[in-house]
Amino acid sequence: MAAPSRLGPPGRAVARALAVVTCVAGAACGNTGTPAAGSGGTAGAGGNGGAGGAGADPDPVLTGDARAALAALRYDDGAPAPADPSNRVADDPAARAFGQRLFFDRSFSGRLLEGDNDGSAATLGTRGEAGRISCAGCHLPESGFVDTRSPQRQVSLGAQWTLRRTPTLLEVAFAPLYNWDGRRDAIWNQALGVMESNREFNSSRLFVAQQIFRAHRAEYEAIFGALPPLDDTARFPALTPDTTGCVEVSTTKGSKFTCRGLPGDGADYDGMAPGDQTLVTTVAVNAAKAIAAYVRQLRCGPGRFDRWVDGDQTALSRAEQRGAAIFVGRGGCVACHGGPRLTDGQFHNVGLSPAVVAVAIQDTDDHGAAKGVADALADPLSTAGAFGDGDRGALPPTVGPALEGAFRTPTLRCSSQHPSFMHTGQMSGLDQVVSFFDRGGDRVGGYPGTSEIAPLGLNELERADLVAFMGALDGPGPAAALRVAP
């Protein structure tokens, strides 16, 4: 496999590690049936830290306090997504339908840059091809809106390799900030960021706006009003899938990217009048707001754990019940994975030293939210800026030291079948994740900042029970009609 191309300053190491916090999982949805055969008995003894013998299956011990803590985790399937003041069409049915169409539309993307794009089933096409990437290319609806396609199934291969694992889109309407590092403060500016990333869509807002004009004019105008004359090439330089976005060029000082159609290109976009730049950005932002309206509907739904909380004592196996007790007890998982979505939506440093993933990718210089939130605060596309319909108020006023090396706590809902875990994607199973947190993370000095976690002292059975419990958090996922192109 060829070494991945670099994004940003040439020479930066290319591997990033995504921290999940305390008892993390990643999974597709659909495991809502009965407990798995044999899941009641692993090895060891549960609840007291002692070692158990092979085949031991002790009774679950759930105190009144533990049951109350678990009841607080019940999925609130009737709760609407929080209002998004930054997006006036967030809950508009027409915008939702339009956004769903755009989510599956590959025509907004530019050329594939990475040589590992060899046309095989694990890739989206062959290097040099354009128009091959949609949101659904890395957020696969049939896999719980995570990436089960890319080679190695760790980080994603779009136009280039990404540096972090693709997170699920389920329950994102409830998140305060987006990306693993809080780089975006709304779903819509996150979506536009993906389109302009030369690791992902490798496109530009100018091309996105022109493609809306060419292919989706009537539907756009019915929701947002009249489009500017984007076919006027004297004002809006024409781009194609082959000319939008970035290309990597070699110089005497190393490789760099030259781009077209986005701010800082020194070409098509920068050469437009300021008023026309605003018109182009508004169209691209509105398209992204429609995508956000669709994505806000994506939910995990209740699982077997929630049936158990409601009184169905057969919904969880003995092992899963023991794991539930550890989750709210000795494991301390609810400190970060609390509430109905099993996430606090905050950023934590768990002391993860990034490993090599996808054969050649390792970023040992990922500062997480310390950089991401700082960039979001300075972003002209933040919800406090001119393109937001109102400020969501999710960003902190400043970046504190606790954000150094910290990453967003993922939801554990619909996560147990994910192909990889942690923000780097470097762990292939929940057993590895639980063992990582049980030992208190990696050695000091192998990651930026200060870790928040400490060893748990769990035994083999307790670790296995925690893994079993997280399998009971999977729900049915979104309705079938939301998982396909309209």
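1. The second largest cavity is lined by V146, D147, S150, R153, Q154, V155, S156, R165, T166, P419 and S420. A cavity here is a set of points on a 1 Å grid over the protein atoms alone where a 1.4 Å probe fits but cannot get out, and lining residues have an atom within 4 Å of a point. The volume of this second largest cavity is about 60 Å³, taken as the space filled by probe spheres set on the points, with grid points joined across faces, edges and corners. Its lining has three nonpolar, five polar and three charged residues; Ala, Val, Leu, Ile, Met, Phe, Trp, Tyr, Cys and Pro count as nonpolar, Asp, Glu, Lys and Arg as charged, and the others, Gly among them, as polar. Two cavities of 30 Å³ or more are present in the structure.

2. On the source: this is a predicted model, in which local features need pLDDT of at least 70 and side-chain atom pairs count only at pLDDT 80 or more, while totals for chains, interfaces and linings use all residues. Residues are numbered from 1 along each chain as its sequence is written, and side-chain values use heavy atoms, with hydrogens and water left out.

3. There are eight aromatic pairs (rings of Phe, Tyr and Trp, the last by its six-membered ring, with centres within 6.5 Å; planes under 30 degrees apart are stacked, over 60 edge-to-face, the rest tilted). F103 and F104 have ring centres 5.3 Å apart and planes at 70°, so this pair is edge-to-face. F103 is buried at a relative accessible area of 1% (buried is under 20%, exposed over 50%, partly exposed in between, with a 1.4 Å probe and protein chains only). One aromatic cluster is formed by F103, F104, F145 and Y294.

4. Y220 and F224 sit four residues apart, about one turn, in helix 5 (residues 217-224) (helices, H or I of at least four residues, and strands, E of at least two, are DSSP runs numbered from the N terminus). Both residues are buried. With ring centres 4.9 Å apart and planes at 40°, the pair Y220 and F224 is tilted.

5. R341 lies over the face of F174, at 3.5 Å from the ring centre (NZ of Lys or CZ of Arg within 6 Å of the ring centre and within 35 degrees of the ring normal). R205 lies over the face of Y269, at 5.7 Å from the ring centre.

6. E171, not a glycine, has a positive phi of about 70°. E171 is in the loop between helix 2 (93-103) and helix 3 (187-196), and is buried at 5% relative accessible area.

Notes
On a 1 Å grid over the protein atoms alone, a cavity is a set of points where a 1.4 Å probe fits but cannot get out, and a pocket is an open set with protein on both sides within 12 Å along at least five of seven lines; lining residues have an atom within 4 Å of a point.
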